[in-house]
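Thanks for asking me to look this one over.

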Amino acid sequence: MKLLFAPASPYSSKVRMAARHLGIELEEVRVNTAENPSELVDANPLGKIPTLITEDGTAIFDSRAIMHYLDRLSDKRLYPKKDEKRTEAEVLEALADGIADCLLAIVYEKRLRPPELVSQDVIERQWAKINRSLDHLDRHLPKTAKKLHGGHFALAATLGYLMLRFPGEWENGRSALTEWPAKFAKHFRALPGTSPEGLNVSRRCFDTKKAGIAPGFLYQDLSSDQNFTPMPTLTEWSSKPRETVEPPRLKSRFW
């Protein structure tokens, strides 16, 4: 099977984690949705990722439909068998995906609009939803044990996206939530290679202990998203001390 994806996409990340957890091998094909590649739009008229193409050419989208397809395909369960537990996992997945929706709305507001047309009101409304949701998660984190489910992977993907795009803007005061990725990584060793935060993007990373900035890393954008240099892994980031100094904001056109 073939998965059309983008490395920074939290929805793609969730599916890639789930497939590895289930032992399902996927041919991962990186696509740029902005270019509307025929391989993508011919399979998915929405032109969105992730899109899964099965052996018989059937296209499956969106990410939650793919997750449930993988669950049916594998002998290993991706969602709990008991109805109550399954509902909890599905609600957690919906919450994590909803946070990702809000984050992407902010990214696109900054990336696609001219600076003079960027709406701070829109951005603040999205952050209000995000902050309520993150506070809820910090108080009601899922139990993480050997039996991982779709909600765990959705949460890990969304936190990875926050680390990648919004370092220093969400962690303070949420110690339980910021420590969760390291706990999750103990049960899912493939995390660094599938999380958006583990993506080798075209950014130079500086240790903030040397730069005097917190709460993890300062990113300096370079010229092209097509060139890659190493970034710290999610587990490494999670072990860094949290401080209160705000990092400098990046220019929106690079997001």
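1. **Ground rules.** Please keep in mind that this is a predicted model, where local features need pLDDT of at least 70, side-chain atom pairs count only at pLDDT 80 or more, and totals for chains, interfaces and linings use all residues. Residues are numbered from 1 along each chain as its sequence is written, and side-chain values use heavy atoms, with hydrogens and water left out.

2. **Overall make-up.** The protein has ten helices and six strands; these are DSSP runs numbered from the N terminus, helices being H or I with at least four residues and strands E with at least two. Of the 255 residues, 49% are buried, where buried means under 20% relative accessible area, exposed over 50% and partly exposed in between (1.4 Å probe, protein chains only). Taking contacts between residues at least 6 apart in sequence, 69% join residues at least 24 apart; contact here means heavy atoms within 4.5 Å.

3. **Helices α6 and α7.** Two packed helices are described by the angle between their axes and the distance between the axes. For α6 (residues 150-165) and α7 (residues 175-187), the axes come within 10 Å and cross at roughly 120 degrees. Axes are lines fitted to C-alpha atoms, for helices over the stretch in contact, and angles run from 0 to 180 degrees between N-to-C directions. α6 and α7 are therefore oblique to each other; angles under 35 degrees count as roughly parallel, over 145 as roughly antiparallel, 65 to 115 as roughly perpendicular and the rest as oblique. Their crossing is left-handed, that is, the near helix is turned anticlockwise from the far one by less than a right angle, whereas clockwise would be right-handed.

4. The classes are as follows: Ala, Val, Leu, Ile, Met, Phe, Trp, Tyr, Cys and Pro are nonpolar, Asp, Glu, Lys and Arg are charged, and the others, Gly among them, are polar.

5. **The aromatic rings.** The structure holds five aromatic pairs. Rings of Phe, Tyr and Trp (its six-membered ring) pair if their centres lie within 6.5 Å, and planes under 30 degrees apart count as stacked, over 60 as edge-to-face and the rest as tilted. One of the pairs is F153 with F188, with ring centres 5.2 Å apart and planes at 70 degrees, so the pair is edge-to-face. F153 lies in helix α6 and F188 in the loop between α7 and α8 (191-194), so this pair ties together parts that are 35 residues apart in sequence. Both F153 and F188 are buried. F184 and F188 have ring centres 5.7 Å apart and planes at 35 degrees, so that pair is tilted. F184 is buried too, and F153, W180, F184 and F188 form one aromatic cluster.

6. **Helices α1 and α3.** How do the axes of α1 and α3 cross? The axes of α1 (residues 10-22) and α3 (residues 63-73) come within 10 Å and cross at roughly 5 degrees, and the two are therefore roughly parallel to each other. Y11, K14, V15, A18, A19 and L22 in α1 meet S63, R64, I66, M67, L70 and D71 in α3. This contact has eight nonpolar, one polar and three charged residues.

7. **Helices α5 and α7.** Helix α7 also packs with α5 (residues 120-139): their axes come within 8 Å and cross at roughly 70 degrees. α5 and α7 are therefore roughly perpendicular to each other. L134, L137 and D138 in α5 meet S175, A176 and L177 in α7, giving four nonpolar, one polar and one charged residues.

8. **L104.** This residue lies in helix α4 (residues 83-112) and is buried, with a relative accessible area of 14%. Leaving aside residues up to four places away in sequence, L104 touches Y11 and Y161. L104 and Y161 are 57 residues apart in sequence and 9.5 Å apart in space, C-alpha to C-alpha.

9. **Backbone details.** Please have a look at two cis peptide bonds: I49 to P50, with omega near 0 degrees, and F61 to D62, with omega near 5 degrees. P50 is in the loop between α2 (38-41) and β3 (51-53), while D62 is in the loop between β4 (59-60) and α3. N36 has a positive phi of about 45 degrees although it is not a glycine. N36 lies in the loop between β2 (27-30) and α2 and is partly exposed, with a relative accessible area of 48%.
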